[in-house]
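This report describes the packing and the side-chain pairings of one protein model. Please examine the sequence and the structure below before reading on.

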Amino acid sequence: MKNVIAYIRSMYPISEDAVSALEACVTPCRFPKRYQLIRAGEYSRCAYFLEQGMTRSFWPVDGQEVTTSFSTEGGIVFSMDELYYGKPSEEVVETLEPVEVYRISVEDLRRLWETNLELCNWGRIAHQNEYRRIHRSHQERLTLPARERYEAFRQQFPEVCRRANLSYIASYLGITLSTLSRLRGAENFSDE
């Protein structure tokens, strides 16, 4: 769990005891590219810590996939609908690469947050960061032109820019693939 623990500790300094408590509740798993860890309309009953690989979350809307977020090494993915509201997921979480994850039951994750102050504080900070990302993304989509949205995305998610399919990035930014291709082409031309 090297990448997971390093990422958690980059947000909050958890002790070895907290690491041990977390490790006691997880199961290592591997999944192939394009595997749906979480499916819309279903209960997954699990959350996943990403040790290696990348995922994207999306909403299925009228036959289209609207990308809502990306996660890379160290991140955690789960259904907020299930974890917080006891409802089936509205979102899909799909692997973009083969992944190595640590699976934890939603029940165990809740119990750890209720009984371990360090893991609870890490969870709070992780949620604060995610709220800020969502808020910033919403603000940018409503106020910035496409070029500035893309530049902000590149600054915030350089790994995703290198590894994700351009159509997923365009969907996240709320622009067409042809617009994103033009922006990237102009960027590459100006770098020469």
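Is tryptophan 122 buried or exposed? Tryptophan 122 is buried, with a relative accessible area of 3%; buried means under 20% relative accessible area, exposed over 50%, and partly exposed in between (1.4 Å probe, protein chains only). The model is a predicted one, in which local features need pLDDT of at least 70 and side-chain atom pairs count only at pLDDT 80 or more, while totals for chains, interfaces and linings use all residues. Residues are numbered from 1 along each chain as its sequence is written, and side-chain values use heavy atoms, with hydrogens and water left out.

**Nonpolar cores**

Leu22, Phe49, Ile104 and Trp122 have the most contacts inside the largest nonpolar core, which has 26 residues. A nonpolar core is a set of buried Ala, Val, Leu, Ile, Met, Phe, Trp, Tyr and Cys residues joined through side-chain atoms within 4.5 Å. Two or more residues of this core come from each of helix H1 (2-11), helix H2 (16-23), strand E3 (46-52), strand E8 (99-105), helix H4 (106-115) and helix H5 (117-143); helices (H or I, at least four residues) and strands (E, at least two) are DSSP runs, numbered from the N terminus. Apart from this core lies another, of 18 residues, among them Tyr150, Val160, Tyr168 and Leu180.

With residues up to four places away in sequence not counted, isoleucine 104 touches partners including Leu22, Val26, Phe49, Leu109 and Leu112 (contact means heavy atoms within 4.5 Å). Leucine 183, found in helix H9 (residues 177-191), is buried at 7% relative accessibility. Leaving aside neighbours within four places in sequence, leucine 183 is in contact with Ala146, Arg147, Tyr150 and Ile175.

**Salt bridges**

The structure holds twelve salt bridges, each a side-chain nitrogen of Lys or Arg within 4 Å of a carboxyl oxygen of Asp or Glu. Three of them are tabulated here.

| Pair | N to O distance |
|---|---|
| Arginine 34 and glutamate 94 | 3.8 Å |
| Arginine 56 and glutamate 65 | 2.2 Å |
| Aspartate 108 and arginine 111 | 3.6 Å |

Arginine 34 lies in the loop between strand E1 (27-31) and strand E2 (36-38), and glutamate 94 in strand E7 (residues 92-95), so their pair ties together parts that are 60 residues apart in sequence. Arginine 34 is partly exposed at 48% relative accessibility, whereas glutamate 94 is buried at 3%. In the second pair, arginine 56 is buried, with a relative accessible area of 0%, and glutamate 65 is partly exposed, at 38%. Aspartate 108 and arginine 111 are both in helix H4, three residues apart, about one turn of the helix. Shared partners join the salt bridges of Glu73, Glu97, Glu159, Arg162 and Arg163 into one network.

**Aromatic rings**

Eleven aromatic pairs are found in the whole structure. Rings of Phe, Tyr and Trp (its six-membered ring) pair if their centres lie within 6.5 Å; planes under 30 degrees apart count as stacked, over 60 as edge-to-face and the rest as tilted. Phenylalanine 31 and tyrosine 35 are stacked, because their ring centres are 4.6 Å apart and their planes lie at 15°. Tryptophan 113 and tryptophan 122 form a tilted pair, 6.3 Å centre to centre with 50° between the planes. Phe70, Phe153, Phe157 and Tyr172 are linked by ring pairs into a cluster.

The charged end of arginine 56 sits over the ring of tyrosine 168, 3.8 Å from its centre; this requires NZ of Lys or CZ of Arg within 6 Å of the ring centre and within 35 degrees of the ring normal. Arginine 39 lies over the face of tyrosine 35, at 5.7 Å from the ring centre.
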